[in-house]
Amino acid sequence: METVFSQYAWAIPTIPLLAFLVLTALGRQIKGAASLLGLLSSLAALVLSVLVLTERWSPDAEVYSHSIDWVNLGEVTLRVGYELTNLNVLMLIVVTIVSTLVNLYAKGYMEGDDRQHVFFAYIALFTSSMLGLVVSPNLLQLYMFWELVGACSFLLIGFWYDRPAARAAAKKAFIVTRIGDVGLLIAILLLFWQMPDHSLDFSVIQTVFQSGDSLAQHGITAGIATWIASLIFIGAMGKSGQFPLHTWLPDAMEGPTPISALIHAATMVAAGVYLVARTFSIFHVSPTAMAIVAGIGGFTAIFAATIGLAQRDIKRILAYSTVSQLGYMMMALGLGAVTAGVFHLFTHAFFKALLFLGAGSVIHAVHTQDIFQMGGLGRKMKVTTWTFAIGAMALSGIPPFSGFWSKDAILAAAWEQDHKLLFVIGVLAAFFTAFYMARLFFVAFTGKPADDQIYQQAHESPSSMTIPLVVLAVLALIAGFVYTPFNGQFGIWLTGEPAEDHANVLVMIISVAAGVCGVLLGYVLYRPGQSQRVDKLEQAAAPLFRVLERKYYIDELYNWLIVRPLRVIGKGLDIIDRYVVDGLVRFISAFVDGWGRTSTRVQNGQLQTYGIVSLFGFVALVLLMLALGRGFW
Amino acid sequence: MVGQISSIPWLSLLTFSPLLGVLILLLIPKERVFAIRTIGIVTTFISLIIAVVIYAGYDASKQGNTLLEKFDWISIPLNLDVAKGIQSWTLDIPYHLALDGLSLPLVVMTTIVAAMSALASVSIRKRQKTYFILLLLLEVGMLGVFMARDLFLFFAFFEWTLVPTFFLIGIWGLANRERAANHFLLYNGLGSALMFVAFAILVATAGFDQITDTSGAVKFVYSGDLYTIVNHLQSSGAAANLGHSPFFLSEGWRMGTFVLLLIAFGIKLPLFPFHTWMLKVHAEAPTPVVMLHSGVLLKMGAYGLIQFGMVLLPQQLADWATVLAVLGIINILYGAILAFVQTEFRLVLAYSSISHMGFVLFGIAAMNEIGLQGAVMQMVSHGFISALFFLLVGSLSERTGTTRLDELGGLAKRIPFISALLLIAGLASLGLPGLSGFPAELFSLLGLYGNLPWAATIGAFGVILSAVYVLRGVLAITFGPIAAHHQQLKDARLVEAVPAIVLTACIVLIGLFPSLVTAPVEYGVSHIIDMFKVGG
Amino acid sequence: MDTITVQPLQWSELSALAPELTLVIAAVLISLIDLLLPKRIHREWIGILSLASVLFSLYFVVSTLADRYTQAVGGEAVGALQLLNQSYRVDDFALLLKVLFLVGTAFVILISMGSMKDDELPHRGEYYYLLLPAALGGMMMASSGDLITLYVGLELLSITSYILVGMKKNDRRSTEGAFKYAVLGSVASAFILYGMSFLYGMSGSTNLIDIAQSLTTHVAAFQPLIYVSFLLLIVGLGFKIAAAPFHAWSPDVYQGAPTPITAFLAVVAKGASLAVVFRIIFNVFFGLGAESDTEGQRVFSIYNDVTIMLLAIAALSMVVGTTMALRQKNVKRLLALSGIANAGYLLVPIGLNILGNTINASVFNAFWYYLAAYLFTTIGAFAVLMVVSRVVGHEELKGFAGLYHRSPWLAVAMTVFVLSLAGIPITAGFFGKLYIIVGAVAAHSIWIAIVMMLTSVISFYFYFGFIRQMYMRHGQEGKITVLAPQGSVIAICVLFVLGFGLFPNEVMGWLNTLFSIPGDLFTLTP
Amino acid sequence: MSTMLASFLTLAAILFCIGLYGVLTKRSAVIVLLSIELMLNAVNLNLVAFSKYGVVPSLKGQVFSLFNIAIAAAEAAVGVAILIALYRNRGTANVDEYDDLRR
């Protein structure tokens, strides 16, 4: 196989990085051209990625890898470089496509913001880091970019830094994902000392964790493998918003909407899924770890979906849906269906980006995020509405949209593995998903306008924003055909394993039924023409609704369990530091001082006192002499 | 240790180059502020250039080779006639400077931070002449500390740094400056006193040597020469010792000496619970001085612990590795939690220094090369980061008159440059890859995990906490709504921007290319690591 | 009962006594001149005469030392010259200390010049020429080989000191100080004498070397009496050197005395008494109680106890001196307290058991070096104090406020002295402490090294208190003029403090060539 | 050790202690000075006793005591002279009132 372009794959992350540097250095001067630069760099990366992809058509394409020494530490050398496998080339395509479209979209969306150049610089940095993450040949380099994308996400969430909410959300995003990152870090520490030659290369990991035998050969016990896998998964949980580390993701919606689409829907949050897929061999040898992944994934899927039922903020609904869909992917991986999981990642990236950009288009037009203040937008924003509808259907799993195929693949995997519980959860979550998307769509886009003033100012977005919507809509429509039950080539290409015959008509029927039922129920409850001021669900089950709306009180729980105790401990330690630790110092100095004062008290000016003191000293010396044990007699 | 003795005494030139500036400054009348500033700054840059030249010429391929200068300075004949009847014994205090891979990054860092601190010192508004003289004298002491290879010479430089720092804090500090200066002096004096006792024990027991001079006459000396003492402590039959029992240092004594050294350097480091003095210094000293203090002076403790504690008493250190790791954990977590609740930004940074120094302890406790590399890396990295932080703190308090978190906010709007660098410093401090804090913490943890996995695991949680307190502190200043009376603030002037950019560049460079530090260090620490391998 | 065979003084031996004789003759002559000189001639001339005689005496001492040095370098054995029936020894120990005493006295005369008004000091002539017998007393103490000469020297120094302290006879404080000093000093003399009487009783001789021989022979029988005599001696001598717990007089007396006399007491009187302690310990108690312990090692039970008690006194002095000084606001009292602590430091080399396992027996070198460092530092500090107190009119610490702005060089000089007192490199005080501590550690007395270091750290507080005042506070304004004699003393002291700090090698090498414990303290005529 | 010597030594010790007691307790400065003389003379007694009855009798003790007497006289003279000057300044001879110099 020719590897002409693969040799230049290092340029894929580098081009956006250069764009970032230029934007940082000259941003203020080039102002308007900033978006163009960002767009071009992403486009260049996209073109190169596609060229690389063409070289990797055949399923038996060799892994292409190249590294250089980063730092020498005695007997250990840490290396950096890039590696191309079919999995990460797929990711490259996803990232560059979404990034390009978001850059284009943001040109319109951010029009008039005087910190545009900063925005595009951040996006370029993010794109670069994300691409770097994807091509990392070893876990350490991945971790470095992993942190960097987190930092970019932090910067972009806090882009409107003067809003206290944005500040809080940015901080929260960083810290919560950091918790996960520490898991990954410890996993790296553990792997570093377990692996032969301290190697953290994915290829070596794959060899070592190939089977129980090869593990035993390298002296790694099953228990340690479970630990490593679980710790890596903790990292993935943080980034991919899995329960209980999901809380940052909905709050992250404080950032500009293009960011939500790029980072918090399509790419970065999927990094956790990518990580698990990339290190899947480790998980594979540990049934316990697999069970954990599947269990947490499944729980997150249903958990987030239920919260999505009760949100009013358009972006938050989408955010919870993202959490839920990420749970799906994790569940797939936990079931061993790597192909299905990655496939869902692939399709989800497009339709979720589409939904977010659509939501952005709406927000751009009406300046509110509360769906109950919208209504009837479909009449004013044709393109947005239609593309949004496509995205919503894809998400709801309505055939033939892409989401249907990928979700079906996951459900089929659960079914085939006889995981009844996970299957039921998957179906339920699909149902809820379809329901809340229907709710969102009908409330916001159909019916009578809720607020005339808002309705008046609504308008279709400029073409720089609608073109990405259309492109993504097309992708959301067709992406699913890459891997249908009738065409398993994708699976072979991706994992190298023979195609699983996962065409299961029963599952398909159940899956479609869940989606359609959800949509129908949504239509019944929120169909146009009703008074849409009231949420039907809220009326029906107010207490339950309240719990869902408050997101199961998880934030409050964390506040009470972690944040406040930490602050109390901190205050307590502060007092200890001031009064005990420093107090000890003060005590010692007071003691010395007191000793001096006591001695000084003798200096009363009376010479006879001085004589008596000396006499006492004499007596003390005599006693010392006796104490020395060689007395007089 | 073979050293290369070059014809030009580079090390002395470097160490005493600031004195040139002192001499010139003495001749300039104190009213000519501009000239005084210029000379002060230029002098620090001369040292910087010399250091960079040395760094550039450092040949890492010649393993273990160091620059070395050794002259007889003090050689005191001893009366032994009563005790032993041996004549011609001398107590030697050689002038012995050397620059090995361990010292080199620290020396370069010192000169950079000193030069930046001198630039930042234009904010000093009174008694500039005295100020710059003292600043330069301080630089001499700091450079000497990192290069001295004789125990007494090291002590002399170490102790010497106290004096200019005392002046600098006491004259140019904030309201409670005298108290802070006193705390600094007494606490650090205590540390060096304990260190001196430990050194005296080592010299008196293991510092003897037998030198055959050119004429073939045998000369018996006992000296504080580091390498002599190392050799004698290592040849454990000890009184291979010429048959003299006084030379033997028993295990108990070794342990006692080690503990003395640990406390001595621990005070400087600072180690919990010896840290309270440093809070006062951070809170009260003028910011250019804190740049040097937090950036360089604290590193002297860590450096001493490695170059002296570790090299001299490896076995004891190995025995106490767990203790060190626990102390490291305490430092990391205690510092982080306290940094989290402070409302004064200077104190946030002070506690964060405590937290960061925990990683240095980790690296030492690891007793392997990765860990030690991490420790050195953390020293260098934290040196730059805290210098940058305090540079910016100086700029902030000059503009707003306060560094209290509850009185600031939203400054990114009016002073974006300062705010951006503050954010970068914060991100570096919390260990973001690409900035210098990351490799430092990573290597420390990697190293320690190989020795004490549980400790590294607990310590890793410090990484979360550091994110918590750094973001709390930095975002409280830069993000959020801006107060009305801060609307008129002006962004950084050129003279502030230059040091900030240089320091940021250092942070980024080291973050991207850690081998800038690790390559020389490798030849500085490999012999230390070998001791652990041989000793088991 | 034997008869005393009187060994008449030979002419040739007179030259060895030249320094002492110079002072004796000068004292007599100058007192006569003072008596006969018309009133209108200012008595400052007496000071110049006294200074000249001290310098003459110093010249003789130094030239003797130079001769002996050349001899020593040439490889000749230079022993002690014993005069007057072995009651007076001229050896390197004595000569080296005499250098210090004479230099100290010369400095004291210099800083006195022009410093006091006539109504303050009614008998200026006496003031100057009384310093000569005082210095003579000190020299005799260093040189004595016999209890009688020793005691006479001690009293010569003490009695003249009593008078000198009370020299400002219309000053309430001066006379009060003198009275306290006289009463307590006499009591101390009585203790010393009492101790001496026991030494005499045990040996039947007043010669130190005879006593040592006799005690070594009869150690078993006399053990209790040896302890008693040691205790009585150390109480009395401890008083003279102002070591705790016999120190209480010194702040009062130092404060009452005219400042130059305070300097004299702090340096010469203290140094001479320490010389006596050194002599007595090394001549009489050294190596007493030799026996073998269970492991067959030779131990020296009595000597060991003596050293422990000395070190205990030393430690207590350091602790008491430094802690009491923490709150002291009067500079003279503060320097007195610093003198107490320094007496402790100086006792350490004397109190080290160098018959244990040590490789460093250079205790005299360390002692001399530190005493020299202390001399230059303290006299320098007193000189600065005189300059400052003359301007501000009192002797409180706050008088130093803002000194740096008024007279930078004076402040820098004081900083040097203070750093030396605190033991900061690179000053004389630093190396002084370094040698003592290295010696202590080599002699396995680590605890005393720790006490020394800790108390020096505590002392930072008040020594740096000067720096705080001078540089960080604001006081009166206006330039300060420094009188030439005082200025020159300050300058010389600064030079020596820094010189001793930078080139201790030369000094120590010189000392070591000259001095050896057996040669100087034990052997008879070569 | 003969009984003779022992009794002399005891007497000297008692005298010494009486003198010391006087110095430390008497208010009158003159008596304090006198008590010092007592202490010094106690020592002279000691010396003379050793000189006559000591283990190694010798003349030196007596010579020593002669020196002492002379010195004690000088000391007393100086002491009294200082006391007179002090009395002129203060108008009192009570030692416990001489406390201008303190702390």
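**Exercise 1. Is Asp197(A) buried or exposed, and where does it sit?**

Asp197(A) has a relative accessibility of 73%, so it counts as exposed (exposed is over 50% relative accessible area, buried under 20%, partly exposed in between, with a 1.4 Å probe and protein chains only). Next, find its place: the loop between helix 6 (164–194) and helix 7 (202–208) of chain A. Helices here are DSSP runs of H or I with at least four residues, numbered from the N terminus. Now check the backbone: Asp197(A) isn't a glycine, yet its phi is positive, about 60 degrees.

A quick word on the model: it's predicted, so local features need pLDDT of at least 70 and side-chain atom pairs pLDDT 80 or more, while totals for chains, interfaces and linings use all residues. Residues count from 1 along each chain as its sequence is written, chains are lettered from A and ligands numbered from 1 in the order written, and side-chain values use heavy atoms, leaving out hydrogens and water.

**Exercise 2. Work out where His444(C) lies and what its phi is.**

Start with the loop between helix 17 (428–442) and helix 18 (446–472) of chain C, which holds His444(C). Its phi is positive, about 60 degrees, although His444(C) is not a glycine. With a relative accessible area of 44%, His444(C) is partly exposed.

**Exercise 3. Find which residues the cis peptide bonds join in chains A and B.**

In chain A, look at Phe243(A) and Pro244(A): a cis bond joins them, with omega about 5 degrees. Pro244(A) is in the loop between helix 9 (222–240) and helix 10 (248–251) of chain A. In chain B, the pair is Leu269(B) and Pro270(B), with omega about -5 degrees. Pro270(B) belongs to the loop between helix 9 (251–268) and helix 10 (276–284) of chain B.

**Exercise 4. Describe the surroundings of Val284(C).**

Then list what it touches (heavy atoms within 4.5 Å): leaving out residues up to four places away in sequence, the contacts of Val284(C) include Leu199(C), Leu208(C), Ile211(C) and Arg279(C). Finally, compare sequence with space: Val284(C) and Ile209(C) are 75 residues apart in the chain, but 7.2 Å apart C-alpha to C-alpha.

Definitions and conventions: Helix = DSSP H or I, 4+ residues; strand = E, 2+ residues; numbered from the N terminus.
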